[in-house]
Amino acid sequence: MGSCVAFNCTNRCSKKIPGLTFHSFPKDETRRQLWVKAVRRENWEPSKFSKLCSKHFPEEMIDRTSLSCVRLRDNAVPSLFDFPSHLQKVVKLRKLPTRAVFEPAHSKIVQQATTGVESAATELEEFISRQLATVTKLPLPQNYSAELRSFALTLNFYSPRAYEYVRSTFGLALPHHKTLSRWYQHIDAAPGFTKEAIDALALKIRNSPNPLFFSLIMDEMSIRQQAEFDGKEVHGLINLGFDETDDDSLPLAKEAFVLLLVCINSHWKLPIGYFLSNGLSSTQKQTLIKHCLSLLHQNNVNVVSLTFDGLSNNFSMAKQLGCNFDDVNSLKTCFPHPSDSNQEIAVFPDPPHMLKLVRNTFGEKRCLFSSEIIDWKYVEALHKLQESEGVHLGNKLRGGHIKFSKQKMKVKLAAQLFSSSVADAIDYCHNKLKLQDFIGSEATVEFLRLINTLFDVLNSRSIRQHGYKKAVSKQNADLYLQFMHKAKAYILSLKESRGGLPILESRRKTGFLGFLICIKSFEAIVAKMISSERPDLIYFPLYKVSQDHVELLFSAVRFHGGSNDNPTARQFRSAYRKLLVNAEIKCTASGNCIPLTDIKILTVSSSVSSKTVINVTTQCTSMVEHESSVDEQPTEMALPCVFLSECTNDIVYYIAGFIVKKLSVSLKCSSCISALYPENIPTSLSLVSYKSEGKLIHPSNDVFGICKECEIVFRQHIIKNESENSKLIIMRKAPEVLNRIQSRSYFSILNQHQFDTEPTENHLVHLMRCVIFQYFKVRLSYYCKNLAINKESVRQFFKHIVNFKGQ
């Protein structure tokens, strides 16, 4: 009979202590060494009689299920010992810096970062422990931590397939999808006001150190008219959430009316309810809004604005709430709070929706009148000019902006049409180029600029922006109010035609009336919350009152359906529940708006060094020389003669300035960088000087000349070879441009500088190569983009008809 070989352990087999068992060292060499290392006996090797008692093993490593004997599990390693002091591990704690002093803001950031790290560490620790338990066949804990529950729900929401892959790959460490379903059942998410969302909102307000202000946004989303029975209730019928009666005779619902709260002075939003209907009347909407505001007031939610789109019954609803839009000279755009008569709520017709309505009116009526005729033909003439020249005057005007009837839901097209870049281009064609097609375009330019500035103010997002895109604050409130007064007078003066009815008395008045209401509500908000002696807000980003937020919610709901982006009522409820559980709304690219916070701007890369560009050029040159020996044939045709017009020359000059800006960042040689800039800025009126607000760059004559040579070669080979291989053709012809310009005295300022380096590192040649390849990158990107834009997707057109039916 033996005894335990552990330090300070006196257990022997002869004592026969109940429950105590003795175990020999394993024969497997790997496990045996783990046991020896755990015992910590110096220069000691166990014999076949050496044993350890069960006191030194955690209970979960001991298998007591057998009636005949007690065994150790396959992964059992001793870990419970009473070592003497010289064998115990000493854990040295890192001393905290005695002089570290954190400001309050810094300490808050550190606290948030520490909390996030601790949460991630807890989640990772539990995930790994569950994975190990599965591998070693140990029983899994019944409960999941809050961090792991959050991770599982989030991953399953964004991709159920990815969730199943992670779960199967990492040893079932994540809960089964049925367990997730049970968690989701804690939130009812039935039509009506969502109690869980309102309770969470009230808790958020109670724990906030500062008062929070909210914008209430309403909108409808079309759903598939289909009844479904899940074994308990029928989904898909009209349900306004007020009664619990199950009446199968109700008609099918065709839309979901959604209410969403957006926090104005914080960065979060929350849906608070939805209602299934077959088209709500203005009276029904008014009842729901009043009930919603009363419910929010009971939970100390301070709502300052209400946003809706351009449907006629939405304006009727606002009138029933207490607004008055009959007299455009004295609009009443605020209504009393149903639970607090001392508080008023301003209404905002959705500015992007109003912009689309104004664009539709202008494009379909073709002519409006203020002091002079505002004519659509100038926009068409600009598009025609740019198409004929093959380049654009610094704007994004395309065929889709002119023929917009199949894309009326795209706010982007309307915003790009009513832009300062389009107005500048038309003004440039009139004043600089003196083109006959643009005579009398002054009123059109004024109209485009005013609508552009008005939309910039109503779509402001940040206090860090510039001009009218900056959020309204006490510093710029007076400037904004002056502009709003000017915009109001201008809209009031608009007429259908010379001597015709005012536009606000016509049948197409909705967009213009909506902008007037926004102006009046803006003035009320500024007077109450910004310009007062004790302002409630430092600044007010008016993007918070936009319907873009609820459009992102609709986009997330459609994304949940995968390829089926026209959900039924039951699918809508499921997605709505998951959105509430995940407590955040991310967008996909399929919504009716684009959140700027999630956009990565893709531009031509200029971060590569000049040496990299030189290497690429060398490879291209060798490729051309090699292929020329194979493809040399006496079938060469004369290239077409290309003349660059004054308009094209100015556009090339504009692109050359962009290239100078890019190369100035990537190049390191100060002499080469200085050669890119002109000695004196030209005083003649060019597109750059016409559009510049101090940020556009004038190129040197050398850069401009090289860019003109590139444009000529580009046009010659595009005209000659109109094929899908145009990109390869142009990249092959880049060395040809280099050979052409080397015979001319470009960058003569670098004649002496080129001898400062080795012949293979001639900066003069390398700089010309950089300019050539940068120009071709920009030009090819633009050319390929135009090819893609001109292709119309019929499938996408009909999909949008289904998605936005009735909106």
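Trainee: At roughly what angle do the axes of helix 13 and helix 14 cross?
Mentor: In this predicted model, the axes of helix 13 (residues 420-431) and helix 14 (residues 442-458) cross at roughly 165° and come within 8 Å. Axes here are lines fitted to C-alpha atoms, for helices over the stretch in contact, and angles run from 0 to 180 degrees between N-to-C directions. Helices (H or I, at least four residues) and strands (E, at least two) are DSSP runs, numbered from the N terminus.

Trainee: Are they roughly parallel or antiparallel to each other, then?
Mentor: Helix 13 and helix 14 are therefore roughly antiparallel; that term applies to angles over 145 degrees, while under 35 counts as roughly parallel, 65 to 115 as roughly perpendicular and the rest as oblique.

Trainee: Which residues meet there?
Mentor: On the helix 13 side they include Val422, Ile426 and His430, and on the helix 14 side Val445, Leu448 and Arg449 are among them. Contact means heavy atoms within 4.5 Å. The residues of this contact divide into 5 nonpolar, 3 polar and 4 charged. Ala, Val, Leu, Ile, Met, Phe, Trp, Tyr, Cys and Pro count as nonpolar, Asp, Glu, Lys and Arg as charged, and the others, Gly among them, as polar.

Trainee: New topic: in what order do the strands of the open sheet run?
Mentor: The order is 5-10-9-6-11-13-12, with 7 strands and mixed pairing. Strand 5 and strand 12 (334-337) are the edge strands, each pairing on one side only. Two strands pair if DSSP finds at least two bridges between them.

Trainee: What packs on the sheet?
Mentor: Helix 8 (residues 312-321) does, touching strand 6, strand 11, strand 12 and strand 13. Helix 16 (residues 510-530) lies across strand 6, strand 11, strand 12 and strand 13, at about 140° to strand 13.

Trainee: How many residues of strand 10 are buried?
Mentor: In strand 10 (residues 269-277), 8 of the 9 residues are buried, so the strand is largely enclosed by the rest of the structure. Buried means under 20% relative accessible area, exposed over 50%, partly exposed in between (1.4 Å probe, protein chains only).

Trainee: And how does strand 9 pair with it?
Mentor: Strand 9 (residues 255-263) and strand 10 pair in the antiparallel sense over 8 bridges, and they form a hairpin with 5 residues between them. Leu259 stands opposite Gly273, and Glu255 has Ser277 as its bridge partner.

Trainee: Which residue in strand 10 is the bridge partner of Gly192?
Mentor: That partner is Tyr274; strand 5 (residues 192-193) and strand 10 pair in the antiparallel sense over 2 bridges.

Trainee: What should I know about the numbering and the cut-offs?
Mentor: Residues are numbered from 1 along each chain as its sequence is written, and side-chain values use heavy atoms, with hydrogens and water left out. As the model is predicted, local features need pLDDT of at least 70 and side-chain atom pairs count only at pLDDT 80 or more, while totals for chains, interfaces and linings use all residues.
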